[in-house]
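Take the chain one region at a time. Keep the model open beside the text.

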Amino acid sequence: MLVVEDENVLADAIAEWLRRESFAVDVAYDGDAALERLGVNEYAVVVLDRDLPVVHGDDVCRAIVDAGGQTRVLMLTASAAVRERVAGLALGADDYLTKPFALVELSARVHALTRRSRPAAPPTLRRAGIQLDPARHEVRRDDRHVALSRKEFAVLAELLRADGAVVSAEDLLERAWDEHIDPFTNVVRVTVMKLRRKLGDPPVIETVPGAGYQIR
């Protein structure tokens, strides 16, 4: 996720709320910084304030649309006027939310846009005796409940979504952590190690040397 909002306190509050729901979130406080991040990273959803300094939110939205891809835009604005909502949607925004708003509603809209940004997936992810329910944030293995941290849950979800394919440590780092993480950290290896221990025997997460991890 990318949160673009010039009110620093609000931007940080949105980012922290979404991180609690296992999203990897970057933050930009003006339109120019947003464009820089968009040029480097591919985001599933951009939470975009319309009235941004330096580069207006409308121009950021246009750049996202012109680039193509699967990025979805949730536009924020202080104006509740119908014409403003229509104008924002006409620019290519996928959804519109007026301030003030409840964070629980914002996260529900982000979840909905995330589902639209990737191929349809079953509500519950299943493989190798593991069941992961994203909506309830629950994991079970062979009907045994497995308690996971947010990052462990996010990594397991990505491995299950891969449907047996190998997922590199770099991809897991990009999808489950934010841009401030050290690219040379061993946090992915440590997280996978904890996941294996919590999921129990027989082990289901395989290490593919030089490639990454997979659940067959």
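This is a predicted model: local features need pLDDT of at least 70, side-chain atom pairs count only at pLDDT 80 or more; totals for chains, interfaces and linings use all residues.

Residues are numbered from 1 along each chain as its sequence is written, and side-chain values use heavy atoms, with hydrogens and water left out.

Start with the domains. The assignment gives domain 1 (2-117) and domain 2 (125-215). Such bounds come from an automatic or database domain assignment. The C-alpha centres of domain 1 and domain 2 are 27 Å apart. The two still touch: eleven residues of domain 1 are in contact with ten residues of domain 2. Contact here means heavy atoms within 4.5 Å.

Now go to Asp49. UniProt, in an unreviewed entry, lists Asp49 for "modified residue: 4-aspartylphosphate". UniProt positions are given in the numbering used here, feature names are shortened, and annotations may be inferred rather than shown by experiment. Asp49 lies in strand β3, residues 45-49. Helices (H or I, at least four residues) and strands (E, at least two) are DSSP runs, numbered from the N terminus. Is Asp49 buried or exposed? Asp49 counts as buried because its relative accessibility is 2%. The cut-offs are under 20% relative accessible area for buried and over 50% for exposed, with partly exposed in between (1.4 Å probe, protein chains only).

What does Asp49 touch, leaving aside its neighbours within four places in sequence? Its contacts are Val4, Glu5, Asp6, Gly57, Leu76, Thr77 and Lys99. Take Thr77 from that set. Asp49 and Thr77 are 28 residues apart along the chain, yet their C-alpha atoms are separated by 5.9 Å.

Met75 has a relative accessible area of 0%, so it is buried. Ser107 is 32 residues away in sequence and 13 Å away in space. Gly164 is 89 residues away in sequence and 35 Å away in space.

Ser107 is buried because its relative accessible area is 4%. Not counting residues up to four places away in sequence, Ser107 touches Trp17, Leu18 and Glu21.

Look now at the second largest pocket. Its volume is about 170 Å³. A pocket is defined on a 1 Å grid over the protein atoms alone: it is an open set of points where a 1.4 Å probe fits, with protein on both sides within 12 Å along at least five of seven lines, and lining residues have an atom within 4 Å of a point. Grid points are joined across faces, edges and corners, and a volume is the space filled by probe spheres set on the points. The lining is made up of Leu38, Asn41, Glu42, Tyr43, Ala63, Ile64, Ala67, Gly68, Gly69, Gln70 and Thr71. By class, that gives five nonpolar, five polar and one charged residues. Ala, Val, Leu, Ile, Met, Phe, Trp, Tyr, Cys and Pro count as nonpolar, Asp, Glu, Lys and Arg as charged, and the others, Gly among them, as polar.

Turn to the backbone. Which peptide bond is cis at Pro100? The bond from Lys99 to Pro100 is cis, with omega near -5°. Pro100 lies in the loop between β5 (95-98) and α5 (103-117). The bond from Asp201 to Pro202 is also cis, with omega near -5°. Pro202 is in the loop between α8 (187-199) and β10 (205-208).

Phi angles come next. Asp142 is a residue other than glycine with a positive phi, near 50°. Its loop runs between β8 (138-141) and β9 (144-145). Asp142 is exposed because its relative accessible area is 58%. Asp163, again not a glycine, has a positive phi near 55°. Asp163 is in the loop between α6 (150-161) and α7 (169-176). Its relative accessibility is 56%, so Asp163 counts as exposed.

End with Ser168, in the loop between α6 and α7. Ser168 counts as buried because its relative accessibility is 15%. Leaving aside neighbours within four places in sequence, Ser168 is in contact with Ala211 and Gly212.
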